[in-house]
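Open your viewer, load the model and keep the selection panel within reach. We will go from the whole chain to a few side chains, one stop at a time.

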Amino acid sequence: MFEKVKKNGTEQLGKTNRIVEGTSIIGDIVSKADFRLDGELIGNFTSQGKIVIGAKGVIKGEIICNNADIEGEFHGKIKVLETLNIKSTAQIHGEVAVGKLSIEPGADFTATCTMLAHSNTVIMLEDGKGAE
């Protein structure tokens, strides 16, 4: 009689994927939901949500996402459409393109940085669906 109607994009709110310390992944990750990485990823990461790289986390590759918090290591290219928060324990090496940037004192930020013009960019996932 009563059916729940899923609102597009809201079914992933509050859900977080997690890769724990001691886990290594070689390959690409595509996620609609938020993601926390405390292990190692050698490959690319694409998300409509937020990625958190924990203090023990390491990514070598390319990241495209809406928001990111980095406490661990990142080597490669990162494009964050909204806000990138770099914590004091972070090590960033490579190319950075962001909407907004926050760097805590003590962070190792050895990268070129481009500030993105505010736009309604859409991240496209493998299923052909995107999020604004």
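**First selection: Arginine 36**

Select arginine 36: its relative accessible area is 25%, so this residue counts as partly exposed. Before going further, bear in mind that what you have on screen is a predicted model.

With the three side chains shown together, you are looking at a network of salt bridges that links Arg18, Arg36 and Asp38.

Is aspartate 38 buried or exposed? Its relative accessible area is 9%, and because buried means under 20%, aspartate 38 falls in the buried class. Arginine 18, by contrast, is exposed, with a relative accessible area of 53%.

**Around aspartate 38**

Stay on aspartate 38 and colour its loop, which runs between β4 (34–37) and β5 (40–42). Which residues does aspartate 38 touch, leaving aside its neighbours within four places in sequence? Show Arg18, Ile19, Val20 and Glu21, then Gly54, Ala55, Lys56 and Gly57; these are its contacts. The side chains of aspartate 38 and arginine 18 also make a polar contact, at 3.0 Å.

**Next selection: Lysine 50 and aspartate 69**

How many salt bridges does the structure hold? There are three, and one of them is still to be visited. Select lysine 50 and aspartate 69: they form a salt bridge in which the closest N and O atoms are 3.0 Å apart. Lysine 50 lies in strand β7 (residues 50–53) and aspartate 69 in strand β9 (residues 67–70), so the pair ties together parts that are 19 residues apart in sequence. Aspartate 69 is buried at 12% relative accessible area, whereas lysine 50 is partly exposed at 28%.

**A patch on the surface**

Switch to a surface view and select Leu101, Ile103 and Met115. They form a nonpolar patch on the surface, and together they have about 240 Å² of accessible area.

Select cysteine 65 and then cysteine 113. Cysteine 65 is buried, with a relative accessible area of 0%, while cysteine 113 is partly exposed at 35%. As for disulfides, the count is zero.

**Zooming out**

Return to a cartoon of the whole chain and colour by secondary structure. You will find 14 strands and zero helices, so reading along the sequence takes you from strand to strand: β-β-β-β-β-β-β-β-β-β-β-β-β-β.

If you colour by burial, buried residues make up 34% of the 132 residues in the chain.

Key
Residues numbered from 1 in each chain as written. Predicted model: local features only at pLDDT ≥ 70, side-chain atom pairs only at ≥ 80, totals over all residues. Heavy atoms only, no water. Patch = residues over 30% accessible without salt bridge, like charges linked within 9 Å, V, L, I, M, F, W, Y side chains within 5 Å. Areas by Shrake-Rupley, 256 points an atom, 1.4 Å probe, with all protein chains shown as cover. Salt bridge = Lys/Arg side-chain N within 4 Å of Asp/Glu carboxyl O. Helix = DSSP H or I, 4+ residues; strand = E, 2+ residues; numbered from the N terminus. Polar contact = N/O pair within 3.5 Å; in protein donor to acceptor, adjacent residues only side chain to side chain. Contact = heavy atoms within 4.5 Å. Disulfide = S-S within 2.5 Å. Buried < 20%, exposed > 50% of the residue type's maximum accessible area, 1.4 Å probe, protein only.
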